Amino acid sequence: MNHNELTRKEFLKLSGAAVGGGLLAGMGLGNSANAQASELLHRTIHSTGEKIPAVGLGTALEFGDLSADFSKRKGAIEALFREGGTVIDTSPTYADAEKIVGRALDELGARDKCFLATKTSISGKQAGIDQNSQSFEDLRTNRFDLLQVHNLRDTEAHLETIYGLKEEGKVRYAGITHFRESQNDDAVKVIEAHKLDFMQCQYNLLDRSIEDRVLPAARERGVAVMINVPFARGRLFGPTAGKGLAIPDWAKDFGADSWGKFFLKFILGHPDVTVIIPGTINDYHVVDNIGALKGRLPTEAERKRMVSFIEEL
Ligand SMILES: NC(=O)c1ccc[n+]([C@@H]2O[C@H](COP(=O)([O-])OP(=O)(O)OC[C@H]3O[C@@H](n4cnc5c(N)ncnc54)[C@H](OP(=O)(O)O)[C@@H]3O)[C@@H](O)[C@H]2O)c1
């Protein structure tokens, strides 16, 4: 991402309270961290009533580079838990992201704190089963919280496997993912034909195509919605943070004091969204993103204003 909104220096200046919370927790005074987590917006997974923090961490793009700085990626995961987040989304196809997430969770002793989501991303039933086995090994776990069919590839075959793993207690929730507008209709068909716990799809201020049919179908069938690509792969920062554009004062009324929070609060303002998984390798962006869970959300009128504002740039 070329348009990092906060530099590390700015982040350290702004986040004294959060860093202080981490230090207190390290000194055995962890109640403040718990109190902090309980103040964050949580949303309910309809199929069980379980509540999860509504922003997590995505691991596509640069996250899976095993030759790059592991401690930086581990730092992003550590920041997620310190700030009160739990959800991590990964895939066997994100280069070595599963290996990196698995090692980080192991070293942090954080597997039990994590809501861990991964994918089946290959053609063929047996190939999917083999890929799942490798994912268990790479993620150093014997249980996925969520296993999703990636991009609707061989959906019927893999859902059968995922339901089987659910029965064995190796998977807690079953889901599908996609991110292209052209797959919205196919996603709706799968939502209507199967008993899914989750569906994952793209939603952001540049692509609101799921509003028409996908989100209503998910609501109707009680399927939780995980949002990918919330920043349009970082493109939303180009004409805003990248150009030094000031955040409008009216957005500060609902706590959007960074462009990251502006974009995430727009998404969270939709009542059918369960959780967003912004991708980053930077701890200070994780802090910024989890910060979107604090304070109020924009009203429908304010969300319309956000759309017009971005469309006019
Ligand atoms: N079909 C699917 O299943 C599918 C498809 C696409 C994505 N996904 C999932 O969704 C996740 C999110 O999508 P994505 O990673 O492709 O795109 P994204 O979240 O829209 O954008 C990621 C970019 O935003 C930057 N960023 C993150 N937080 C920021 C902040 N607070 N301020 C400024 N910049 C920030 C990151 O840069 P830095 O790294 O420099 O911070 C990165 O370049 C993926 O990681 C993956 O887990 C799933």
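1. At what angle do helix 4 and helix 5 pack? They meet at about 60°, and their axes are 10 Å apart. Bear in mind as you read on that this is a predicted model. An angle counts as roughly parallel only under 35 degrees and as roughly perpendicular from 65 to 115, and helix 4 and helix 5 are therefore called oblique to each other. Their crossing is right-handed. If you want to find the pair on screen, helix 4 covers residues 70-83 and helix 5 covers residues 97-108. On the helix 4 side, the contact is made by Phe70, Arg73, Lys74, Ile77, Glu78 and Phe81. Helix 5 answers with Ile100, Val101, Arg103, Ala104, Leu105, Glu107 and Leu108. Here's a handy bit of background for reading such lists: an α-helix has 3.6 residues a turn, so residues three or four places apart point the same way.

2. Let's step back to the whole chain. You'll find 13 helices and 10 strands in it. There are 313 residues, and 55% of them count as buried. Now take the contacts between residues at least 6 apart in sequence: 76% of these join residues at least 24 apart.

3. Next, the inside. The largest nonpolar core has 74 residues, and Met199 and Phe262 are the ones with the most contacts inside it. Which helix gives this core its largest share? That's helix 11, residues 259-268, with 7 residues. There is also a second, separate core of 12 residues, and its members include Ala117, Phe198, Met226 and Val275.

4. Leaving out neighbours within four places in sequence, Met199 is in contact with Ile176, His178, Ala187, Ile191, Val214 and Ala218, among others. The list also includes a run of neighbours in sequence, namely Val223, Ala224, Val225 and Met226.

5. Back to helix 11: how many of its 10 residues are buried? The count is 10 of the 10, so helix 11 is largely enclosed by the rest of the structure. What do they pack against?

6. The axes of helix 11 and helix 13 come within 10 Å and cross at roughly 130°. That makes helix 11 oblique to helix 13, and the crossing is left-handed. Trp259, Phe262, Phe263, Phe266 and Ile267 make the contact from helix 11. From helix 13 come Arg303, Met306, Val307, Phe309 and Ile310.

7. Now look at what sits on either side of helix 11. Ser258 is in the loop between helix 10 and helix 11, and it is buried, with a relative accessible area of 3%. A polar atom of the Ser258 side chain lies 3.1 Å from the backbone nitrogen of Lys261. Thr274 is in the loop between helix 11 and strand 10 (275-276). Is Thr274 buried or exposed? Its relative accessible area is 3%, so Thr274 is buried. Its side chain has a polar atom 2.8 Å from the backbone nitrogen of Val225. Not counting residues up to four places away in sequence, Thr274 touches Arg43, Thr44, Ile52, Ala54, Ala224 and Val225.

8. Finally, two arginines. Arg296 lies in the loop between helix 12 (283-291) and helix 13 (300-311). With a relative accessible area of 37%, Arg296 is partly exposed. Its side chain makes a polar contact with that of Glu302, at 2.8 Å. Besides Glu302, and leaving aside neighbours within four places in sequence, Arg296 is in contact with Asp253, Phe254 and Lys265. Arg296 and Lys265 are 31 residues apart in sequence, and 8.8 Å separates them in space, C-alpha to C-alpha. Arg219, in helix 9 (residues 214-221), is exposed, with a relative accessible area of 52%. The C-alpha atoms of Arg219 and Val273 are separated by 9.5 Å, and the two residues are 54 apart along the chain.

Methods. Residues are numbered from 1 along each chain as its sequence is written. This is a predicted model: local features need pLDDT of at least 70, side-chain atom pairs count only at pLDDT 80 or more; totals for chains, interfaces and linings use all residues. Side-chain values use heavy atoms; hydrogens and water are left out. A nonpolar core is a set of buried Ala, Val, Leu, Ile, Met, Phe, Trp, Tyr and Cys residues joined through side-chain atoms within 4.5 Å. Buried means under 20% relative accessible area, exposed over 50%, partly exposed in between (1.4 Å probe, protein chains only). Helices (H or I, at least four residues) and strands (E, at least two) are DSSP runs, numbered from the N terminus. Contact means heavy atoms within 4.5 Å. A polar contact is a pair of N or O atoms within 3.5 Å; within protein, one must be able to donate a hydrogen and the other to accept it, and residues adjacent in sequence count only if both atoms are side-chain atoms. Axes are lines fitted to C-alpha atoms, for helices over the stretch in contact, and angles run from 0 to 180 degrees between N-to-C directions. Angles under 35 degrees count as roughly parallel, over 145 as roughly antiparallel, 65 to 115 as roughly perpendicular and the rest as oblique. A crossing is left-handed if the near helix is turned anticlockwise from the far one by less than a right angle, and right-handed if clockwise.
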